[in-house]
Amino acid sequence: MRMRYVFVWFVVLLAMFAGSLSGCATKAEPSPSEQQEPVLELRTLSFTIDCENYNKAVAEAVAQQLRELGVDVQVRVWGDWAVLKEALLNKEREMLMNDWGNSTLDPYDLLNPKFETGGRGNYAHYSNPRVDDLLKKGATGTDAAEREKIYREVQEILYDDAPWVFGYAMQEIEASRKTVQNWVPATDSRINLHRVSLTEGDTLVVGIRATIESLDPANHRNRIAETVIRNMFDGLVTRTPDGRVVPEIAESWEAISPTLWEFKIRKGITFHNGEPLTADDVKFTFDRIITEGGLGNGKSSPRKAGLLDPVTKVEKVDDYTVRFHLSAPWPIILQMLVHQQIVPKDYVERVGSEEFARKPIGAGPFKFVEGKLDERVVMERYDGYYGGSPDIPVAGPAKIKRAIFEVIPETSTRVAALQSGQAHIIQSVPPELVPELDKDPNCEVKTVEGTRVYFLEMNVTRPPFDDVRVRQAMNYAIDWDLIIEKVLGGYATRLNGPLLPHGFARHTGLSPYPFDPDRARQLLRDAGYRTE
Amino acid sequence: MLTAARGTLTRFDPVLIRVRTIARNFSELAYQVYRHPSALIGFVILAAYVVMALFAPVLAPYPPNKGSVRQSFMPPAWQEGGSPAHLLGTDHVGRDILSRIIYGARVSLWVGFLSVVVSMVVGLVLGAISGYYRGILDDVLSRFAELLMAFPFLLFAIGVMAILGPGFFNLIAALTFKSWVEFFRLVRGETISEKTKEYVEAARAQGQSNFAIITGEILPNIIHSVVVLATLRVGYMIITEASLSFLGIGVQPGIPAWGSMVDDGRDYLRTAWWVSTMPGLALLLLVLAINLFGEGLRDILDPRLKVD
Amino acid sequence: MRGVRVLERILSTIPIVFGVAVIVFCVMRFTPGDPIDVMMGREGHVSQEQIDALRREFGLDKPIHVQLYLFLSRAVRGDLGNSLTKHRPVSTLIRERLPATVELALGALVFSLVLAIPIGVISAVRQYSFVDRASMAAAFLGISMPAFWLGIICIIVFSVRLGILPSYGRLPYGLEPARVTGLYVLDSILTGNFSSLLAALRHLFLPSITLGAAMAAIVARVMRSSMLEVLRQDYVMLARAKGLTEWAVITRHALVNALIPTVTVVGIQTGVLLGGNMIVETIFSWPGIGRLAVDAIFNRDYPLVQGVVMVYALTFVLANLAVDILYTYINPKIKL
């Protein structure tokens, strides 16, 4: 080799590296997105709605309606949550079209993160001492009626303060082949195949919309992963398709005090490797999550924060009894336990967390056969299954022999897979494809009230949305009923505040902001903006 | 042939003859395009698009973002339920598709031409310097170009968009970041081979400066292959914009670009085919025209250059 | 002498791959957005201590030049680190998924060559005929369409309306042939498993068309023009004069020479095939590295991006290398 050639390569690489270092040092600060205009009598209201790709259609429809009022709105789509989030945390963004899951149907995991000062999802940067105070009380209150009262007050404050443009709750729209029997979509969007049967064949294929994060119940933070996992693992309690909490591995429970709960474990449950499930396994499962570094190799479980925070200790009383010690009263412990699945202590300790995630063993209706997380997971019926929750009809082992979860991220492909018979059940059918499936004699669309609320968060720390009149005007300016009908195919329910229509403590006395363009114009003019 | 006598002419003549030559080249070129059927067709369509873009506010029945959700998904006028008020129907939020296509010509042509022009200029300048002076600078630039060539184009564009965030000029930046390399390689190669030719030697003997030789002698002789490459790249850029839209990082929704319109409509392809298909056809026709024109230009200007 | 040249050419690819690694490394560190933050998801639920622990685990707390040094020194040993989001070694992830991408690229390649070469030849032989004009117009269509559009339309037509081809994936469960190369088509032939072969081919068909359409268009045009040029050469005239049939002239004399430019184009287009596959892989849920790459960029999964891009670059460089070397044997006049 010629020396010069080698030398030149060296120089090029060195230069690039040096360039990148200096680039990192002066890490580009995002350019301020607007210049402050001098205050004239009436200005044009002008701002940007940010959203991710899947919310684009609604964001555009909202923008369209605001334009009719003379507001200058741009929609900006981000392929990429990371960059957007950084901008959000810097309080740079003006309005964000967003959504938030609320599987517990309790205000706790919606209001606290979204409205508490500095809450982890508080992208409106809303801060109100009274609300903070109420939310803290609500989170630890024990009396349901008391909590309901607290949350009603919170909703009233938020209604008037309007840090969001309150949007809608989306229904879960899923679809199946007609050969699939006894399956209904669940309100928390998990697909449980335990009781499902097929009129033809014994292998059922489910098309899911995204990659499965992990098969270890303690090492993911993702609805899809949970959907798959809950077919192989059972929890202490589970939720019926319409959202009630019922016993599963736990036979019964009792709150000895507001901070001490006792669970009796069902006898005769075995894991897929034949070992019996006892209090040791339950204790181990929760210790793994709540202990720092509980997953081994210094790794901690991501399933503690927001899901198990108040649990300080899990204690084995006897082989079939455990007690949960809480740091403070935690009224929604049962709703939260639905999302934690029991793992076999001996097996996990023997093989370690990583191998366990590769070859998971649970006590659920199906046992793991093989799987690639971003392609497909195959499982087979576990014949030794104890039968699941007696409160949900048709107990006993699973009806189908084999269940396969296939990852099909592209929506129209997923629908095509159902229509061509490659898949039997598919997740997340977009409303616009429902008529197409309705026409297909082999398919049926099924819907259920979902647990996700959709809204526009306004940054209350900077103009124009630091003015409550502008925020209220936004709420009056948008005809949600029209958007629900035209863009969402009617598969959504209008919100009268931040809470789900069928959730706990929803304020029934408030009616949604009406569509009132005149009122909106008036408010905007009062705030000093020009309207059409 | 067009290129035949250029070298000898310029030797004797200062500015005047050169201008005359270029003018004659242009009229001769126009005649050649006229004679070449596919180049002519391409040119006519392209010209129509440019007119459409320039006079969009006059031609379009509505502003691009006007519309009401109330009138979403109206089919084209000739279909049942369509209305003559919206010839090509309306999209998912009720905007007139014809108007958006007409305005979209601006954006798509902008995306195509701007990104190509920027990469062409960068490639031209660096390539000419590199090929003319050679030396260590040439080595460095060439190695760097080799490096960039090894990246898949789309992946690179995604990476750049991930760094810069969404936005029209960021998109242009993402599209040009790598594509200047192709111009660079072409210009550098051509410059190296032109440099040894007689007319360059002559100019040097006359005592012309290096700058004058590059701009006055070499560039006019290689510009035609650059133009051909540029034409062919325009279509590719417009298609790439559509692909980036598919991944959620294209032009922003308020701006009517055909690529993102096609992408917006893809979920409605089965229930409202026109939302995606109409801009798709506009895009297809434009890229077709550009390619026809570019291929035609290549036949006329430079039969040697075959591979883009 | 040629051996030395070839060797030198091979060695010269090393700095390219190395440089690509450095570029990707640096570029990813420019990118706003913290990988740990992204890992924790949008509903961010992790304490600062846990974040710090993760940062330590992945070495993100070290200064950037130390990170680069560690990355490169490990990469040389074939260790590309662990994926931040998938919690597995990058090299394993790539090894699992590369065959799918290669199979798709080969499928597209075969599709485009099988379609394009005859079209190019016929168009050249019957220049300006209806066949010529029609096929060249079709060739322009091939490069004038966004791939995702073509893909969705293929799915709607072939798997929904006609119901004859599957819409996603490589094979249904239970039909995977024993793994030899990881390419299902090849493996099922090697193991004599014909039901798998049929299924694999059926699954491969639509993605290959979608990915190969643009390449087919380009190859057809190049083939046509180089064939036209060759047909004008003296030796073709001579062959005709000797009284050989037109068929023999074309297949024995013209075709081989006309293929030389096509080989170059194929080499260049391999990069394009790879670069375009992330779209096609997404549409058809094809478990290759294209989609892996896009997700990795969006998730700020540094090690995975580095690994995947290095694989892309390596493939591109190797394809060009192969073309260069092939060239010296087809046409000994060309020097490297």
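The questions below concern a predicted model and take up a helix pair, a sheet and a chain contact in turn.

Q: Why is helix 5 of chain B called oblique to helix 12 of chain B?
A: Helix 5 (residues 97–133) and helix 12 (residues 273–301) of chain B pack at an angle of about 40°, with their axes 11 Å apart. Angles under 35 degrees count as roughly parallel and those of 65 to 115 as roughly perpendicular, with oblique kept for the rest, and therefore helix 5 of chain B is oblique to helix 12 of chain B.

Q: What makes up the contact of helix 5 of chain B with helix 12 of chain B, by class?
A: The contact has 9 nonpolar, 2 polar and no charged residues. Helix 5 of chain B brings Ile97(B), Ile101(B), Gly104(B) and Ser108(B), which meet residues of helix 12 of chain B including Trp274(B), Met278(B) and Leu286(B).

Q: What makes strand 11 and strand 13 of chain A the edge strands?
A: In the open sheet of 4 strands, the order is 11-12-14-13 (chain A), with antiparallel pairing; strand 11 (250–257) and strand 13 (311–318) of chain A each pair on one side only.

Q: How do you know that strand 11 of chain A and strand 12 of chain A pair?
A: Two strands pair if at least two bridges are found between them, and strand 11 of chain A is joined to strand 12 (residues 260–265) of chain A over 6 bridges, in the antiparallel sense.

Q: Which helix of chain B supplies the largest share of the side that touches chain C?
A: In the contact of 31 residues of chain B with 38 residues of chain C, helix 7 of chain B gives the largest share of the chain B side, 7 residues.

Terms used:
Residues are numbered from 1 along each chain as its sequence is written. Chains are lettered from A and ligands numbered from 1 in the order in which they are written. This is a predicted model: local features need pLDDT of at least 70, side-chain atom pairs count only at pLDDT 80 or more; totals for chains, interfaces and linings use all residues. Axes are lines fitted to C-alpha atoms, for helices over the stretch in contact, and angles run from 0 to 180 degrees between N-to-C directions. Helices (H or I, at least four residues) and strands (E, at least two) are DSSP runs, numbered from the N terminus. Angles under 35 degrees count as roughly parallel, over 145 as roughly antiparallel, 65 to 115 as roughly perpendicular and the rest as oblique. Two residues are in contact if their C-beta atoms, placed from the backbone, lie within 7 Å. Ala, Val, Leu, Ile, Met, Phe, Trp, Tyr, Cys and Pro count as nonpolar, Asp, Glu, Lys and Arg as charged, and the others, Gly among them, as polar.
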